[in-house]
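User: I would like to go through this model with you. Could we begin with how its elements are named?

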Amino acid sequence: MEEFVMTWIDISHPLTEKVATWSGDTPFSYEVVWPKEESGSVNVGKISMSIHTGTHIDAPFHFDSEGKRVGALDVSVYIGTSKVIDVSEVSCVTQELLADYLPLPPRLLLKTKQQTDPNRFPDHVTELDPRIGPWLKEQGVVLLGIDTASVDHLESKEMLVHYALFDNGVHILENAWLDHVAPGDYELIALPLNIIDADGSPVRAVIRPLL
Ligand SMILES: N[C@@H](CC(=O)c1ccccc1NC=O)C(=O)O
Ligand SMILES: [Zn+2]
Ligand SMILES: [Zn+2]
């Protein structure tokens, strides 16, 4: 019989009414709309939230109305080997910086801060150099995860980094919670819900150290 070992580390923001949302966006709520006292058998809940609250993946449709929606994304992108890289010392992530970590696995998780608060919307996020898009593709990277609310700066209208990544087949995971995670190699699972027409999806992201 296989022994049960708790090796998986949760890197997802807790979803409560306190979780940070983009200004003007749908607040998170969970409520029991049909309590057991009424239904006679079960509690039935409902959630309401923005797709871009908490730990989530973006589909290209988020920034490109002609772009792929969640139903068209390949689940294989979101499961497999990954590397957590600490970039908390820099204000801009460049390919020159990431070149220190070659060869890269297909998935990267960038830790831009030692400490983040899932319940407070940031006023600034670490910049990513759009040149990393084609460069990551050359390295075989298919997923870029980050511990901030966006891969672009927060006021961006052009969404240059979103385009630079997706144009090169690099998918995006945002608001990964990496405070308690040491840099290194991990297996990652961060599967989107199959919300066919959506611009993204919340995920329960988990990692476990690779031996
Ligand atoms: N790009 C962000 C989301 C984003 O930009 C956004 C989300 C909700 C409401 C407004 C947003 N952007 C512009 O104000 C993301 O990918 O999560
Ligand atoms: Zn998003
Ligand atoms: Zn995004």
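Predicted model: local features only at pLDDT ≥ 70, side-chain atom pairs only at ≥ 80, totals over all residues.

User: Is Asn175 buried or exposed?

Analyst: Asn175 is buried, because its relative accessibility is 9% and buried means under 20%.

User: What is phi for Asn175?

Analyst: Phi of Asn175 is near 60°, which is a positive value in a residue other than glycine. Most residues other than glycine have a negative phi. Met159 also has a positive phi, near 55°. Met159 sits in the loop between strand 9 (143-146) and helix 4, and is buried at a relative accessible area of 16%.

User: Which peptide bond is cis?

Analyst: The bond from Leu102 to Pro103 is cis, with omega near -5°. Pro103 belongs to the loop between helix 2 and strand 7.

User: Changing topic: which residues does UniProt give under "binding site"?

Analyst: The unreviewed UniProt entry places that feature at His52, His56, Asp58 and Glu174. These residues span 123 residues in sequence, but no two of their C-alpha atoms are more than 8.2 Å apart, so they gather at one spot.

User: And where does Glu174 sit?

Analyst: Glu174 is in strand 10 and is buried, with a relative accessible area of 2%. Leaving out residues up to four places away in sequence, Glu174 touches several residues, including His56, Asp58, Ala149, Ser150 and His162.

User: What about His52, buried or exposed?

Analyst: His52 counts as buried at 10% relative accessibility. Its place is the loop between strand 3 (44-48) and strand 4. The side chains of His52 and His56 are joined by a polar contact of 3.2 Å. Beyond four places in sequence, His52 touches Trp22, Asp58, His62, Asn175 and Asp199.

User: Which residue is listed as "active site"?

Analyst: UniProt lists His62 for that feature, again in an unreviewed entry. His62 lies in the loop between strand 4 (56-58) and strand 5 (79-86) and is partly exposed, at a relative accessible area of 31%. Its side chain makes a polar contact of 3.0 Å with the side chain of His52. Apart from neighbours within four places in sequence, the contacts of His62 are His52, Met159, His162 and Asp199.

User: Which residues are around ligand 1?

Analyst: They are Trp22, Asp25, His52, His56, Asp58, His62, Ala149, Ser150, Met159, His162 and Glu174.

User: How far are the polar side-chain atoms of Asp58 and Glu174 from oxygen atoms of ligand 1?

Analyst: For Asp58, a polar side-chain atom lies 2.9 Å from an oxygen atom of ligand 1. For Glu174, the corresponding distance is 2.7 Å. Ala149 contributes a backbone N or O atom, which lies 3.5 Å from an oxygen atom of ligand 1.

User: On to the aromatics. How many aromatic pairs are there?

Analyst: The count comes to three aromatic pairs. In one of them, Trp22 and Phe121 have ring centres 5.0 Å apart and planes at 65°, so the pair is edge-to-face. Trp22 is in the loop between strand 1 (9-10) and strand 2 (29-34), and Phe121 is in the loop between strand 7 (107-111) and strand 8 (127-128); the pair thus links distant parts of the chain, 99 residues apart. Trp22 is partly exposed, with a relative accessible area of 23%, and Phe121 is partly exposed at 27% relative accessibility.

User: Why is the pair of Phe63 and Phe166 called tilted?

Analyst: Their ring centres are 5.7 Å apart and their planes stand at 40°, so the pair is tilted. Phe63 lies in the loop between strand 4 and strand 5, and Phe166 in helix 4 (residues 160-166), so the pair ties together parts that are 103 residues apart in sequence. Phe63 is buried at a relative accessible area of 15%, as is Phe166 at 12% relative accessibility. Together with Tyr163, Phe63 and Phe166 form one aromatic cluster.

User: Last one: which ring does the charged end of Arg69 sit over?

Analyst: The charged end of Arg69 sits over the ring of Phe61, 3.7 Å from the ring centre.

Conventions
Residues numbered from 1 in each chain as written. Chains lettered and ligands numbered in written order. Heavy atoms only, no water. UniProt positions renumbered as here; feature names shortened; annotations may be inferred. Helix = DSSP H or I, 4+ residues; strand = E, 2+ residues; numbered from the N terminus. Buried < 20%, exposed > 50% of the residue type's maximum accessible area, 1.4 Å probe, protein only. Contact = heavy atoms within 4.5 Å. Polar contact = N/O pair within 3.5 Å; in protein donor to acceptor, adjacent residues only side chain to side chain. Phe/Tyr/Trp six-rings, centres within 6.5 Å; stacked < 30°, edge-to-face > 60°. Lys NZ or Arg CZ within 6 Å of the ring centre and 35° of its normal. Near = heavy atom within 4 Å.
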